[in-house]
Amino acid sequence: MDEADVVSIAELLDERRYLLDVACWMLGSADEAECVVDEVYRRWYGLSGAVRREIARPRSWLARSAGRSCLSRLAPVERSDDTALEAGPKEVEAGVEVEVSRVLLDAPGCLSPDERARASLRVRRSDPVAPWEHDALVRAVGRACLDGDAEHLVSLLCPDVTAFFDGGGKVRALSRPVHGGRQVAHSLLTLLARRSRTALTAQSVNGRTGLVARYGRQVAAIISLDVADHRVIQVWVILNPDKLRSWNQP
């Protein structure tokens with residue numbers, strides 16, 4: 001598990017909103033801002049796990065990257081200024097850093113086919129459980145997450161449970177599956193860490209009881225659980241903003 005990408009729902013949404021505010025402030029277009037932020041997260045995931053772990057303040061790195069992307073989009077307009085054309089690489093880089101700093105001050109606060117096939121096969125081979133048992137176990141997982149009770153949560157998971165996180169490359173979520181009871185429990189408790197505006201409820205998800213995490217009024221994550229032998233064997237966490245649009249319609 002890549003600790004650099006284990007963050008809470010609150011941090012995920014605040015971070016993306018912050019980057020969108022920075023990009024929109026610079027470009028004056030919400031659509032262009034979305035493109036810039038998506039590009040920035042692609043750049044983030046283009047880094048190796050080791051490099052990401054060395055970045056002490058990921059939000060600052062992402063914000064600087066967003067600032068540079070915005071300035072590169074604005075560059076064709078500004079090239080009419082002869083002074084800009086005469087600037088050397090070091091002067092341009094210094095100007096970028098200054099401009100990004102100013103923006104930050106002014107701005108308002110995955111699975112491969114074979115993995116998916118193996119996961120589906122494992123579920124199909126498991127003994128189905130009654131709907132009431134599935135519902136009870138999901139609600140128990142939700143309570144353990146709300147209480148921050150790691151030991152109880154681990155007891156509800158199979159020792160070889162696997163969790164999959166689908167961020168779509170559009171939020172700073174885990175990019176690889178997490179294996180093992182304690183590792184999955186840690187990732188869920190970190191993701192669902194209690195904040196003043198964070199809520200977790202049991203609701204119908206694709207015809208079965210699942211967990212819906214909200215930050216403020218926005219649905220931030222949909223969590224589906226596969227159950228067998230009285231424990232959770234797989235966890236599916238949808239964090240991709242595009243896949244959550246239907247949940248966030250007015």
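1. A residue is called buried when its relative accessible area is under 20%, exposed when that area is over 50%, and partly exposed in between, using a 1.4 Å probe and protein chains only. By this rule aspartate 135, at 22% relative accessibility, counts as partly exposed.

2. The structure is a predicted model, in which local features need pLDDT of at least 70 and side-chain atom pairs count only at pLDDT 80 or more, while totals for chains, interfaces and linings use all residues. Residues are numbered from 1 along each chain as its sequence is written, and side-chain values use heavy atoms, with hydrogens and water left out.

3. Side chains of opposite charge can pair when their charged atoms come close. A salt bridge is here a side-chain nitrogen of Lys or Arg within 4 Å of a carboxyl oxygen of Asp or Glu, and a search of the whole structure finds 15 salt bridges.

4. An α-helix has 3.6 residues a turn, so residues three or four places apart point the same way. Arginine 139 is partly exposed, with a relative accessible area of 39%.

5. What is the length of α8, and what covers its buried residues? The expected span of a helix is 1.5 Å times one less than its number of residues, and for the 17 residues of α8 this gives 24 Å, in agreement with the 24 Å between its end C-alpha atoms. The buried residues of α8 are Glu133, His134, Leu137, Val138, Ala140, Val141, Gly142, Ala144 and Cys145. Their cover includes α9 (150-156), α10 (181-191), β3 (198-205), β4 (208-215), β5 (218-228) and β6, where contact means heavy atoms within 4.5 Å. After α8 comes glycine 148, whose phi is positive, near 70°.

6. Another salt bridge joins the side chains of arginine 73 and glutamate 39, at 3.7 Å from N to O. This pair links distant parts of the chain, since arginine 73 sits in helix α4 (residues 58-78) and glutamate 39 in helix α2 (residues 30-45), 34 residues apart. Arginine 73 is partly exposed at 33% relative accessibility, and glutamate 39 is partly exposed as well, with a relative accessible area of 23%.

7. Helix α2 has 16 residues and reaches 23 Å from its first C-alpha to its last, close to the 22 Å expected at 1.5 Å a residue. Within α2, the residues Ala33, Val36, Val37, Asp38, Val40, Tyr41 and Trp44 are buried.

8. Is lysine 170, which has 18% relative accessibility, buried or exposed? Lysine 170 counts as buried, whereas aspartate 242 is partly exposed, with a relative accessible area of 33%. Their side chains meet in a salt bridge, at 2.5 Å from N to O. The pair links distant parts of the chain, with lysine 170 in the loop between β1 (157-166) and β2 (178-179) and aspartate 242 in the segment after β6 (231-238), 72 residues apart. Salt bridges that share partners join Arg16, Glu34, Asp38, Lys170, Asp242 and Arg245 into one network.

Notes: Helix = DSSP H or I, 4+ residues; strand = E, 2+ residues; numbered from the N terminus.
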